[in-house]
Amino acid sequence: MNRQELIQQIKAKQSFLCVGLDTDLQKIPSHLHGAKDPIFEFNKEIIDQTADFAVAYKPNIAFYEALGPRGWESLAKTLEYIPKDIFTIADAKRGDIGNTSGLYAKAFFETMDFDSITVAPYMGVDSVGPFLEYAGKWVILLALTSNEGSHDFQVTTLQNGKPLYQEVLEKSSQWGSPDNMMYVVGATRGEKIGAVRKIVPDHFFLVPGVGAQGGSLQEVAKYGMNKNCGLLVNSSRGIIYAGKDKDFGKAARQEAKILQAEMADLLALYSEL
Ligand SMILES: O=c1ccn([C@@H]2O[C@H](COP(=O)(O)O)[C@@H](O)[C@H]2O)c(=O)[nH]1
């Protein structure tokens, strides 16, 4: 999916919601455990119930690869089931020396047909470049993450006086463009989102941390939104585990609907969409 198509989806749905498919066998309702593929059955119901309100789905790959071959199978079926006009994100956080990154790119963009993949920037340009060679696909680079440990390195001041995350943004924004690169910016870093937006005014941000991690959607929009929205805000546990019984799909729908309504108001306030 290209940038214009993504912006069009956001405008049409008045939503910048990304639903995180962090599907855990330990957490899904017990009535699904007898199914042939419980993970897929759960995801299918979540997708059916939330697709009206979501512009992206983000399976976190850890939840699938932890299950071995059957997890990969559930992931493939889930990806196939997601409506084609909805953006897909493989939250895999990959990145390695060039030839290895090339195979990660092949795995997620050819063997599986994801629109985008999250990539760690630590190994530099030759570790990210192979992902950018795929026309129509996106790299979502970790910039300022939502976890406590993001303080360990990402905000460290370098000798040139800049925090490490700023150096990552300035350098990596030369590798790609707002048409094929986004950045992960955590919702829990409200105070810094504005600073990131100043460095990369046009790039989309994938923003995890709303919901279970306590980030504020209002703050994210206030400091991070641009005229084309420029945001995909993710909620995983807050949506998919909103209900615990047979009605889990309806509970997820309700949560997604509440977020979408808030997003519509924020789009009216801060964007041109
Ligand atoms: O900085 C980051 C980068 C990725 N994540 C991932 O997003 C979701 C968040 O899940 P919630 O249940 O909504 O908290 C999850 O897959 C993380 O691995 C992140 O949280 N922060």
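1. Gln14 counts as partly exposed, at 24% relative accessibility; the classes are buried under 20% relative accessible area, exposed over 50% and partly exposed in between, with a 1.4 Å probe and protein chains only. Gln14 is found in the loop between helix 1 (3-13) and strand 1 (17-21), where helices (H or I, at least four residues) and strands (E, at least two) are DSSP runs numbered from the N terminus. The phi angle of Gln14 is near 50°, a positive value in a residue other than glycine. Most residues other than glycine have a negative phi.

2. The basis of these remarks is a predicted model, in which local features need pLDDT of at least 70 and side-chain atom pairs count only at pLDDT 80 or more, while totals for chains, interfaces and linings use all residues. Residues are numbered from 1 along each chain as its sequence is written, and side-chain values use heavy atoms, with hydrogens and water left out.

3. An unreviewed UniProt entry annotates residues 16-252 as "domain: Orotidine 5'-phosphate decarboxylase". UniProt positions are given in the numbering used here, feature names are shortened, and annotations may be inferred rather than shown by experiment. The span 16-252 is 39% helix and 19% strand, and its end C-alpha atoms lie 16 Å apart.

4. Eight strands form a closed barrel in the order 1-2-3-4-5-6-7-8, with parallel pairing. On average, neighbouring strands of this sheet are turned by 30° against each other, direction ignored. Two strands are taken to pair if DSSP finds at least two bridges between them.

5. Strand 7 (residues 204-207) and strand 8 (residues 231-235) are joined in the parallel sense over three bridges. Val207 stands opposite Val233 in strand 8. Helix 9 (residues 190-199) packs on the sheet, touching strand 5 (138-144), strand 6 (181-185), strand 7 and strand 8; contact means heavy atoms within 4.5 Å. The direction of helix 9 makes about 155° with that of strand 7, the axes being lines fitted to C-alpha atoms, for helices over the stretch in contact, and the angles running from 0 to 180 degrees between N-to-C directions.

6. Ser235 also belongs to strand 8 and, at 3% relative accessibility, is buried. Not counting residues up to four places away in sequence, Ser235 touches Cys18, Val19, Gly20, Val210, Gly211 and Leu259.

7. Leaving aside residues up to four places away in sequence, Lys93 touches Asn60, Thr118, Val119, Ala120 and Leu142.

8. The structure holds six aromatic pairs. Rings of Phe, Tyr and Trp (its six-membered ring) pair if their centres lie within 6.5 Å; planes under 30 degrees apart count as stacked, over 60 as edge-to-face and the rest as tilted. The pair of Phe42 and Phe248 is stacked, because the ring centres are 4.8 Å apart and the planes are at 10°. This pair links distant parts of the chain, with Phe42 in helix 2 (residues 38-50) and Phe248 in helix 12 (residues 248-270), 206 residues apart. Phe42 is buried, with a relative accessible area of 0%, and Phe248 counts as buried at 2% relative accessibility. Ring pairs link Phe42, Tyr241 and Phe248 into a cluster.

9. Arg197 lies over the face of Phe205, at 3.9 Å from the ring centre. The criterion for a charge over a ring is NZ of Lys or CZ of Arg within 6 Å of the ring centre and within 35 degrees of the ring normal.

10. Lys44 lies in helix 2 and is partly exposed, at 28% relative accessibility. Lys44 and Arg189 are 145 residues apart in sequence and 32 Å apart in space, C-alpha to C-alpha.
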